[in-house]
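Please keep the structure open while reading.

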Amino acid sequence: MRQDADTLYRQAGEEFAPALARLARAVERNADKARDLEQEMHCALWASLARFNGDCALKTWVYRVAHNVAADHVAKAVRGPKKVPLDEIDALPDAANPEINAADNLVLEQVAELIRRLPALDAQVIVLWLEGESASDISEITGLSSGAVATRVHRIKALLADHFNTPNDQGETP
């Protein structure tokens with residue numbers, strides 16, 4: 001069975017390693033800790049593939065393992081600084097960094113920061129959605145119903161959009 005698990009791990013690594021790296025960076029702001037989290041995901045995935053029996057798609061298995069590792073990571077971090085719900089955040093991270101050349105990169109950093117401030121399950125749902133997963137796949141990975149996933153995605157997208165709206169965008173006059 002070890003040979004099959006090793007083969008599955010290589011296949012999973014080839015297909016999903018970039019997604020695991022993005023998930024780790026979405027969950028953990030500190031670059032070193034994000035790399036550690038990514039390694040934990042890979043270790044847990046490698047160890048778990050001996051139990052993979054094909055009842056679900058390999059992609060679902062990979063994301064489920066990564067989701068569980070990320071949830072454990074977040075649970076450990078909860079004992080750290082208090083998180084603030086996204087709708088209570090008054091100001092975005094400083095956008096006036098002169099070292100950033102491209103406005104797109106700045107916006108992506110702000111979105112990543114906002115996602116990191118979300119409750120863990122919301123962050124994982126929106127990251128999986130951004131990875132292009134369907135509501136039913138996200139449902140299978142997170143254990144939420146498809147309807148709950150769709151509702152969370154809609155709510156989170158609206159919250160993120162609100163942070164980028166200027167007063168003029170909201171119909172107010174300057």
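α4 is the main contributor to the lining of the second largest pocket, giving seven residues. This is a predicted model.

**Second largest pocket**
- The space in this pocket comes to about 390 Å³.
- Its lining has 13 residues.
- Nearest the centre of the pocket are R22, A26, L108, A112 and I115.
- Three helices each supply at least two lining residues: α1 (2-27), α4 (103-117) and α5 (120-130).
- By residue class, the lining of the second largest pocket holds seven nonpolar, five charged and one polar.

**Largest cavity**
- One cavity of 30 Å³ or more is present in the structure.
- The largest cavity holds about 30 Å³ of space.
- Which residues line the largest cavity? They are L23, Y63, H67, Q124 and L128.
- α3 (58-78) and α5 are the elements that give two or more residues to this lining.
- Three residues of the cavity lining are nonpolar and two are polar, with no charged residue.

**Chain and fold**
- The protein chain has seven helices and zero strands.
- Read from the N terminus, its elements run α-α-α-α-α-α-α.
- The chain has 174 residues, and 35% of them count as buried.
- Take the contacts between residues at least 6 apart in sequence: 64% of these join residues at least 24 apart.
- The accessible surface of the chain is about 10,300 Å².
- Carbon and sulfur atoms account for 52% of that surface.

**Helix α6 and the residue after it**
- α6 spans residues 135-142.
- Which residues of α6 are buried? D137, I138, S139, I141 and T142 are buried in this helix.
- The buried set includes the charged residue D137.
- G143 follows α6.
- The phi of G143 is positive, near 90°.

Conventions
Residues numbered from 1 in each chain as written. Predicted model: local features only at pLDDT ≥ 70, side-chain atom pairs only at ≥ 80, totals over all residues. Heavy atoms only, no water. 1 Å grid on protein atoms, 1.4 Å probe; cavity = no way out; pocket = protein on both sides within 12 Å on 5 of 7 lines; lining within 4 Å. Points joined across faces, edges and corners; volume = space filled by probe spheres on them. Helix = DSSP H or I, 4+ residues; strand = E, 2+ residues; numbered from the N terminus. Buried < 20%, exposed > 50% of the residue type's maximum accessible area, 1.4 Å probe, protein only. Contact = heavy atoms within 4.5 Å. Areas by Shrake-Rupley, 256 points an atom, 1.4 Å probe, with all protein chains shown as cover.
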